[in-house]
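Hi everyone, thanks for coming. I'd like to walk you through one chain today, so please have a look at it with me.

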Amino acid sequence: MAEDGRIAPKYQLIELTQGSYRQRTRRNVLESEGTLIVNTGALDGGTLATQRFAQKLARPCFVAQLDGQDMPHASARALAWLRAHAIRTLNIAGPRESKRPGIYRLTAKLLDAMHAAHGAARRTPESDWLP
């Protein structure tokens with residue numbers, strides 16, 4: 001479930017049958033090889049919990065703090081982190097749009113910039129992003 005309703009089937013997600021957002025957050029960190037947090041402002045709430053779960057579970061975690069950072073620089077750093085950890089299953093996290101207006105647009109711009117920096121002509125599965 002997302003803030004705006006059910007997540008589209010194209011994402012091939014497995015929904016937890018029970019549990020809270022906190023349990024979902026922990027499971028997302030656990031089931032991935034690394035977590036990319038896209039953020040503006042201070043880390044708090046579920047976004048901070050995501051970072052703490054990654055630390056506790058010894059999973060790689062990168063915070064793309066987009067306050068005033070140019071997108072090419074942020075995308076290059078995030079892409080270098082992905083490659084350094086050879087991450088193929090990526091958990092992307094961050095605050096809700098209602099909490100941080102504009103975060104959806106910034107996240108899309110970051111992912112598009114990462115994709116463009118990788119030299120891909122179209123969006124492909126994350127495993128295609130690695131050398």
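Let's begin with a side chain: that of R59 reaches the backbone oxygen of S32 at 3.1 Å. That is a polar contact, meaning a pair of N or O atoms within 3.5 Å; within protein, one must be able to donate a hydrogen and the other to accept it, and residues adjacent in sequence count only if both atoms are side-chain atoms.

A quick word on the source. This is a predicted model, where local features need pLDDT of at least 70 and side-chain atom pairs count only at pLDDT 80 or more, while totals for chains, interfaces and linings use all residues. Residues are numbered from 1 along each chain as its sequence is written, and side-chain values use heavy atoms, with hydrogens and water left out.

Back to R59, then. You'll find R59 in the loop between α2 (45–56) and β2 (61–65); helices (H or I, at least four residues) and strands (E, at least two) are DSSP runs, numbered from the N terminus. R59 counts as partly exposed because its relative accessibility is 28%. For that scale, buried means under 20% relative accessible area, exposed over 50%, and partly exposed in between, with a 1.4 Å probe and protein chains only. Beyond its neighbours within four places in sequence, R59 is in contact (heavy atoms within 4.5 Å) with V29, L30, S32, E33 and A54.

A58 is not a glycine, yet has a positive phi of about 55°. With a relative accessible area of 68%, A58 is exposed. A86 also has a positive phi, of about 50°, without being a glycine. A86 is placed in the loop between α3 and β3 (90–93), and is partly exposed at 44% relative accessible area.

Now let's step back to the overall fold. The chain has four helices and three strands, in the pattern α-β-α-β-α-β-α along the sequence. Of its 131 residues, 33% are buried. Among contacts between residues at least 6 apart in sequence, 72% join residues at least 24 apart.

So what is inside? The largest nonpolar core has 17 residues, and L36, L66 and L110 have the most contacts inside it. By nonpolar core I mean a set of buried Ala, Val, Leu, Ile, Met, Phe, Trp, Tyr and Cys residues joined through side-chain atoms within 4.5 Å. Two or more residues each come from β1 (34–39), β2, α3 (71–84) and α4 (103–118), and α3 gives the largest share, six residues. Another core, of five residues, lies apart from it, and includes A49, F53, A54 and L57.

As for L36, its contacts beyond four places in sequence include F62, W81, I92 and M114.

One last stop: T47, in helix α2. Is T47 buried or exposed? T47 counts as buried, because its relative accessibility is 5%. Leaving out residues up to four places away in sequence, T47 touches I37, N39, G94 and P95.

That's my tour, and I'm happy to go back to any part of it.
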